[in-house]
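User: I am new to this structure. Please walk me through it in short questions and answers.

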Amino acid sequence: MIAPNQQLAAFVTANFKQVTKEGDLLIHPLVTCLIDPEILKKMGAKPVKKQE
């Protein structure tokens, strides 16, 4: 995703969540750094545990 600012990045990510409706939305860790943690929390984002 390319967004000119943090607010637009959050808006686009929230829209992805609305489109998927079911299941988990997996967001790359680099993208999560660009989005306000409070917005991620409201979207129901959770950290993914490393697979062994």
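Predicted model: local features only at pLDDT ≥ 70, side-chain atom pairs only at ≥ 80, totals over all residues.

User: What share of the residues is buried?
Analyst: Buried here means under 20% relative accessible area. The protein has 52 residues, and the buried part of them is 13%.

User: Which residues make up the largest nonpolar core?
Analyst: In soluble globular proteins, nonpolar side chains tend to be buried together. Here the largest nonpolar core has 5 residues in all. They are A9, A10, V31, I35 and L40.

User: Which residues is I35 in contact with, leaving aside neighbours within four places in sequence?
Analyst: I35 belongs to the largest nonpolar core. Two of its contacts, A9 and A10, are core members too.

User: How much space lies in the largest pocket, and which residues are closest to its centre?
Analyst: The largest pocket holds about 430 Å³ of space. It is lined by 15 residues. Closest to the centre are L25, A45, K46, P47 and V48.

User: How do the residues of that lining divide?
Analyst: The lining of the largest pocket has nonpolar, polar and charged residues. Their counts are 9 nonpolar, 3 polar and 3 charged.

User: Is D24 buried or exposed?
Analyst: D24 sits in the loop between α1 (6–20) and α2 (29–32). Its C-alpha lies 8.3 Å from that of A45, 21 residues apart in sequence. The relative accessible area of D24 is 68%. Exposed means over 50%, so D24 is exposed.

User: Where is K42 found, and is K42 buried or exposed?
Analyst: K42 is found in helix α3, residues 37–42. Its C-alpha is separated by 9.5 Å from that of A14, 28 residues apart along the chain. Because its relative accessibility is 69%, K42 counts as exposed.

User: What does I39 count as, given its relative accessibility?
Analyst: I39 is also in helix α3. I39 and T13 are 26 residues apart in sequence and 9.7 Å apart, C-alpha to C-alpha. The relative accessibility of I39 is 31%. That value falls between 20% and 50%, so I39 counts as partly exposed.

Terms used. Residues numbered from 1 in each chain as written. Heavy atoms only, no water. 1 Å grid on protein atoms, 1.4 Å probe; cavity = no way out; pocket = protein on both sides within 12 Å on 5 of 7 lines; lining within 4 Å. Points joined across faces, edges and corners; volume = space filled by probe spheres on them. Nonpolar A, V, L, I, M, F, W, Y, C, P; charged D, E, K, R; others polar. Helix = DSSP H or I, 4+ residues; strand = E, 2+ residues; numbered from the N terminus. Buried < 20%, exposed > 50% of the residue type's maximum accessible area, 1.4 Å probe, protein only. Core = buried A, V, L, I, M, F, W, Y, C linked by side-chain atoms within 4.5 Å. Contact = heavy atoms within 4.5 Å.
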